[in-house]
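Please read them with the model open.

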Amino acid sequence: MSKRQSLAQNKTLGHLIALAFYLAVGYFLYVAASSMNYEWKWNSIPKYFIYEQAVNVSAPVGGTLMEKEGKYFLKNDDGETPLNIDSSYALEYQIGDDIYEFDIIASKTITKTGPVLEGLWVTLKISFFAAILTFIIGIITALMKLSSYVFLRDIATVYITLVRGTPLLVQIFLFYFIVANIFELDRFVAGVLSLGIFFGAYMAEVLRGAIQSIDKGQLEAASSLGISHFQAMRYIIFPQALKRALPTLVGEMIALVKDSSLVSVIAITDLTKVGREIVANTFSPFETWIVIAVVYLCITFSLSYLGHVLEKKFSKKGGVA
């Protein structure tokens, strides 16, 4: 047996052992859950995502149902009352039937997005805008930390120290109840700014470390060739630093998505707040939070996979375009 075949077999055996481990953990959790005095309601899960809603048209007045040129109306001694009924509705009465006030004349079923999908959309929006703000703040602050001007370095240092030294939840409360009230900011904007400012400090340190890891000789070589400092940073240093920092940057974006759940404390209806509302209405905490966790996992796994693809792409190219 060749060495390559032996390594392949060992790798396969390792995968099987890991699979057996997780199957055992899953079986243990299943047995533990089965022994609980709890009524599982998994059949209600699909309604969290998509559900059917009945839309009815009630009679505003009593009268006889009539139809003319495709338009329906009620006719009585007071005249004709038009009805807002189109071809998508199914009539509950025949033309010419007498109808009493408030009777349901027609109905239809429409498909609506459930609360989980609506909360997911809010989470994705707030994470997207916060990520953009994070990169902007991170790049600017990193360059300030590397600046030759002392006051810029001091401003960046104090900002990073304050933000990294206090919990995100506390910062969200302070920003929402003080800054947002002063400037009359919407709670969504307050949530985006809170997340962007918090993760911007971490992003700044990641980018600063990546930039400083690049050999200083490259800047000196660029200067000797007549390339300005800005151009050297833009086209030579920063692309290499971004490549080196990519795994950490992806990790920060994953952390941002997960920590975006904290904005629910200021009444932003994201995934976490939706989960709390579903639990309060259905008394199904286990199913609800499992579903919410799986949705978050799908988002973070997608980001992780995207980061892995970018790493492979950049490693093949040998740099960042």
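Which residues in H6 meet which residues in H8? The points below take this up, then turn to the sheet.

1. This is a predicted model, in which local features need pLDDT of at least 70, side-chain atom pairs count only at pLDDT 80 or more, and totals for chains, interfaces and linings use all residues. Residues are numbered from 1 along each chain as its sequence is written, and side-chain values use heavy atoms, without hydrogens and water.

2. From H6, the residues in contact (heavy atoms within 4.5 Å) are Leu 195, Phe 199, Tyr 202, Met 203, Val 206, Leu 207, Ala 210 and Ile 211. On the H8 side they meet Met 233, Ile 237, Phe 238, Ala 241, Ala 245, Thr 248, Leu 249, Glu 252, Met 253, Ala 255, Leu 256 and Asp 259. By class, the contact of H6 with H8 holds 17 nonpolar, one polar and two charged residues; Ala, Val, Leu, Ile, Met, Phe, Trp, Tyr, Cys and Pro count as nonpolar, Asp, Glu, Lys and Arg as charged, and the others, Gly among them, as polar.

3. Three strands (DSSP runs of E, at least two residues) form an open sheet in the order E1-E7-E5, with antiparallel pairing. Pairing requires at least two DSSP bridges between two strands. E1 and E5 are the edge strands.

4. Nine bridges link E1 (residues 50-58) to E7 (residues 104-113); Tyr 51 has Lys 112 as its bridge partner in E7. E5 (residues 90-91) is joined to E7 by two bridges, and Leu 91 stands opposite Ala 106.

Methods. Helices (H or I, at least four residues) and strands (E, at least two) are DSSP runs, numbered from the N terminus.
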